Amino acid sequence: MKFELSYHSFLLVLLVVVGVYTVLTMNGSTSFQLYRPTPAPDCTGEISRRGGIKTETPTGGSLSAAENLEAAPAAAGALPLKARATDSPSPRTTLANIVFGLAAGFEVWDKRKGYIQAWWRPEMRGAVWLDKMVARSSEDNLPPLMVSEDTSRFNYTYSGPPNKRQKQQLRMCRTAVEMFRLRLPDVHWFVVGDDDTVFLADNVARVLSKYDHTKFYYIGGISETHRQNTVDGCCTGNMAYGGAGYAISYPLVEELSEILDECMERYADLYGGSSRIHACLLELGVPLIKEPGFHQLDINGDASGILGAHPIAPLLSLHHLDRIDPLFPGMSRQKSVEHLLQAAGVDPGGVLQQAVCYSKQQSWSIQVSWGWAVQVTRLLLAPRVLENPLRTFAGWGVPSLDESFGFRTRAVPRDSCERPTMFFMHTVVPQRNGQSFSNYSRGGASQCRRKDALSKINLISVEKQAVHDSWYQAPRRQCCKIIKSSKHTLELSIRTCQKGELSAIL
């Protein structure tokens, strides 16, 4: 009898389970669908009414913001932006915990999208925010494309020189908040940039991992040009530029999302989106923490002076590449960026990092800006001199004088033989045990007509030890040694300095 009751009870339970499953799964119920992120409850209705983060596909269909972020990477062969519901929060920041928000414009998209394609990788998370949707193909190496919320309701009263893209600044300053409102899981940082910003993403992740992402942090860089940092109604020397890129921790963006709209109205007279973000964060009492690896590059012309004197800090970003000469002679700007990023794929922390060698016999100072160029100067110059950039560049709307910039510079010598002879990276390959090997070729004909040992060298080879993980916490210039000098070739070795080792003219 007991067996019969148990058997009938089992059948009854089985019928109930089958019935419940049928009810839940019929008519397209989503009860058993995979997890997908949803917009914040407090902004979903507003977004829908304004046509905000709804995106039109190139074929005319419409996707919600969360659907677009999920579908677009898959169409491009990339990983989805969402994490699985079973994923646990990460205690330490990695690249997977960073969401990039890139502000872009429909009119310049075809010209600038190549910069994003150069550094973007499928495993990254982020989106490009446009004022109008553009077509894309499955072969594009691009983040998902989104349409920003309509900002026409906001006042804009900036009275400075007219610019046809001025009102775009209202849209661009909302990038971090619009990313936040997608409620993506396991996000530590939102990193904001422009469509012509090139990020070294691995370095960004390593630098941000130094900070506690559960606290309020606003991290970025200022302009190189003094005037840009002090223009009334625009900028201050304590404001991060969105072109160079800046990072805001998740809890700070969450707080910012509550006040941004009303705060934007209070600062309707400011020019840029970056200045509004800065003003609103100051109302929250959060100052800028400056990281010297973010580069706004508010300069024109030959940037070799700045690139060749990079601070002892990881290279994080380069901006305004259309306004400077290509990074490598004989290449387009796009190819130059791709070439530089080859070095970043081998030793990201080492890119543009200086190592200084001296040849007392020849009276040479040798600066290795690894992954980019080697400069050989026919003078013995101390590191404290070499760290000051040569003024090969001009600031925006200002003469090329030392006081025009926010750092000390050096005048380019009138004697062409006292100017650096440039050798640009030709190839770079990884080797065993964290070593790399790179070659640098002479960059065109020298204006110096002196017939000496330097005039005959046409190739410099560099064997380099990759920077250690601890370097990101406590950066130190690596040491350089001349291994061999022949008639046409110079061989150098770069490695971690030994105890008591100096880069000095001895």
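Close-up 1. Gln375 sits in strand β16 (residues 373-377); strands here are DSSP runs of E of at least two residues, helices are runs of H or I of at least four residues, and both are numbered from the N terminus. With a relative accessible area of 6%, Gln375 is buried, a word that stands for under 20% relative accessible area (1.4 Å probe, protein chains only). Leaving aside residues up to four places away in sequence, Gln375 touches Gly308, Ser365, Ile366, Gln367, Ser369, Pro420, Thr421 and Met422; contact means heavy atoms within 4.5 Å.

This is a predicted model, in which local features need pLDDT of at least 70 and side-chain atom pairs count only at pLDDT 80 or more, while totals for chains, interfaces and linings use all residues. Residues are numbered from 1 along each chain as its sequence is written, and side-chain values use heavy atoms, without hydrogens and water.

**Close-up 2. Helix α7 (residues 201-208) and its cover.** Six of the eight residues of α7 are buried, so the rest of the structure largely encloses this helix. Those buried are Ala201, Asn203, Val204, Ala205, Val207 and Leu208. Their cover includes β3 (98-103), β6 (189-194), β7 (198-199), β8 (218-220) and β9 (246-249).

**Close-up 3. Phe100 and the largest nonpolar core.** This core, a set of buried Ala, Val, Leu, Ile, Met, Phe, Trp, Tyr and Cys residues joined through side-chain atoms within 4.5 Å, has 116 residues, and Phe100, Trp119, Tyr218, Trp372 and Ile460 have the most contacts inside it. Helix α9 (residues 250-266) gives the most to the core, with seven residues. Beyond residues up to four places away in sequence, the contacts of Phe100 include Trp119, Met179, Val191 and Ala201.

Notes: Buried < 20%, exposed > 50% of the residue type's maximum accessible area, 1.4 Å probe, protein only.
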